[in-house]
Amino acid sequence: MMYRAGVSVARRLLWGCLVLLLGLLLVGCGGNGPRQGDHSIVIGTTARLRTLDPADAYENLAGLLLFNLGDRLYTYEGQDLIPQLATALPDVSEDGLTYRIPLRRGVRFHDGTPFNAAAMAFSLERFMNSGGQPASLLAGRVKEIKAIGEDVLEVRLKEPFVAFPHLLAFSGLCAVSPTAYGAAGDRFLPTQFVGTGPYRLAAYSTDGVRLEPFADYWGTKPQNAGIRLQIFSSSANLYNAFRTGAVDVAIGALDPNQIHALKTQASRQHWQVITGAGNAITVLSINLRQPPWDQLAARQVLAASVNRQRLAERVFLGEAEPLYSLVPSLFPESEPVFRDRYGDGASSQIDHWLQSTTISPQQPLVVNLWYRANVPSNVLAATVLKASLERDLGDRVQVQLDSADSATIYRNLESGAYPLVLLDWYGDFYDPDNYLEPFLGCDRGSVETGCDSGASAAWGSFFYSPEANDLIVASRREANSQRRGQLLRQLQELNAAAVAFIPLWQSETTLFAQGNLRGLALDVNQLFAFAPLQKAPKDQ
């Protein structure tokens, strides 16, 4: 989800967006359909499954499956990072560049291959060097990976990055069998997975997968007979399947009306509703090279005119949280900098920022807003935003809406084609840096010309700030959490002052489960473990 050499933000955004698209209808799908005596947990979704190869998988559904099929060096207990295939947190050199990680012994892959430091090094190097969509997460940071004996891994970074252990908990950085994947050479293996996790992949098809407990798993064994993931062709089909009890857990893109209906009926129907703050944000990316947005005053008026509460209520029926910073509220470092500086669409605030402009009925602010036509929430949000601006600014604004499909928009972002565009972002790992550097960083540019190459250019914003670059570097070096938090807050303030990106809303994560299901809980990355899931008798 970050911009790095070789992989653009646009590509990441495209695949992140696919989580919201519709999959294929599951109707008696081969080896994944219900079988007589099958006591598996059934999980329903509308998300499409493109690949399970961790070196190329960048969609949320793939991340959830890899989270349960594989193990990483680290995982989370509450908000605390804890060892998984590692046995302790890393030993870090004084210069912050070298990480030594002790590894667990006695672990085997699903194909029987022993796990050791060489296998872990193989897994990370394959991820980094394969050219897959998430490769830049490591390629942009890691200089060298090597095994020190059987049970110590050494990773040397190009630059200090104190959040690196959190990155190592990313679902795609799981261990994979050198036997299975080494034999594939440079090829990706999209329809198979051979790792060390509590489940093994039993069946894969475009309309679902089936997971079976791995008998030789080193850790706590699954509490269920297996998992069947069913991919539905529409949110309506998923909604009805859950309501009739054909699905134990519903995840994915239910629309706001369906979510509201299930929540309303939950108590009477004994359904469980599990919600999380969500790690997905939606922003307006502003092209600072195109008029009128090359003028700070115009951007400030727009920032003051955005009514987030109205968007949340009319687009999401209250099922999304207004967002006032690039950093979502699940992080304590998040500061509501846009609310503090610009308010939330109040007329007094709009008038205040209008005073320093020439905007008037004779010289209206021209807002040409682009959105992704294949993302339903964006279609409605663009319409509501247009009506809101026209209501509050009257004849001082002219709003034109234009749209294209996601692939077209992401392909053209770096060309500067769009003056203002509505986009989503999904965090890769649990750290606020992952919501600041991917927007505000720039590898090459100048104050006069803007960003020519780097993160902000990939978003089509072209924001360039030496101060932002310095703050990013400093925050990545700072090991003291309090001082680092201050640096991250300065970055949020800097974006609010420059109005390079306007945060709009933060999508909630909502899961629905049947009343007799036990063990369902979201972690800090809005993922959930399959292993604790179990069904109680219906009358309990």
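Which residues do ring pairs link into a cluster? They are Tyr76, Phe331, Tyr430 and Tyr435, with Phe, Tyr and Trp rings (the six-membered ring for Trp) taken to pair if their centres lie within 6.5 Å. The model is a predicted one, so to speak of local features takes a pLDDT of at least 70 and side-chain atom pairs count only at pLDDT 80 or more, while totals for chains, interfaces and linings use all residues. Residues are numbered from 1 along each chain as its sequence is written, and side-chain values use heavy atoms, leaving out hydrogens and water.

Searching the whole structure turns up 22 aromatic pairs. Plane angles sort such pairs into stacked (under 30 degrees), edge-to-face (over 60) and tilted (the rest). Tyr58 and Phe170 have ring centres 6.2 Å apart and planes at 75 degrees, so they go down as edge-to-face. Tyr58 sits in the loop between strand E1 (41-45) and H2, and Phe170 in the loop between helix H5 (164-167) and helix H6 (178-182), so this pair ties together parts 112 residues apart in sequence. Helices (H or I, at least four residues) and strands (E, at least two) are DSSP runs, numbered from the N terminus. Both Tyr58 and Phe170 are buried, that is, under 20% relative accessible area with a 1.4 Å probe and protein chains only; over 50% would be exposed, and in between partly exposed.

Then there is Tyr342 with Trp353: centres 5.0 Å apart and planes at 50 degrees, so tilted. Tyr342 is buried at a relative accessible area of 0%, and Trp353 also counts as buried, at 13%.

On to the nonpolar cores, meaning sets of buried Ala, Val, Leu, Ile, Met, Phe, Trp, Tyr and Cys residues joined through side-chain atoms within 4.5 Å. The largest has 113 residues, and Leu73, Leu153, Phe164 and Ile502 have the most contacts inside it. Helix H3 (residues 117-129) brings the largest share of this core, seven residues. A second, separate core of 39 residues includes Ala57, Leu511, Leu527 and Ala531. Leu73 touches (heavy atoms within 4.5 Å) residues including Ile82, Gln84, Met120 and Leu153, leaving aside those up to four places away in sequence.

Gln84 turns up again in the lining of the second largest pocket, where Gln84, Phe67, Thr75, Ala529 and Pro532 are the closest to the centre among 31 lining residues. A pocket here is an open set of points on a 1 Å grid over the protein atoms alone, where a 1.4 Å probe fits, with protein on both sides within 12 Å along at least five of seven lines; lining residues have an atom within 4 Å of a point.
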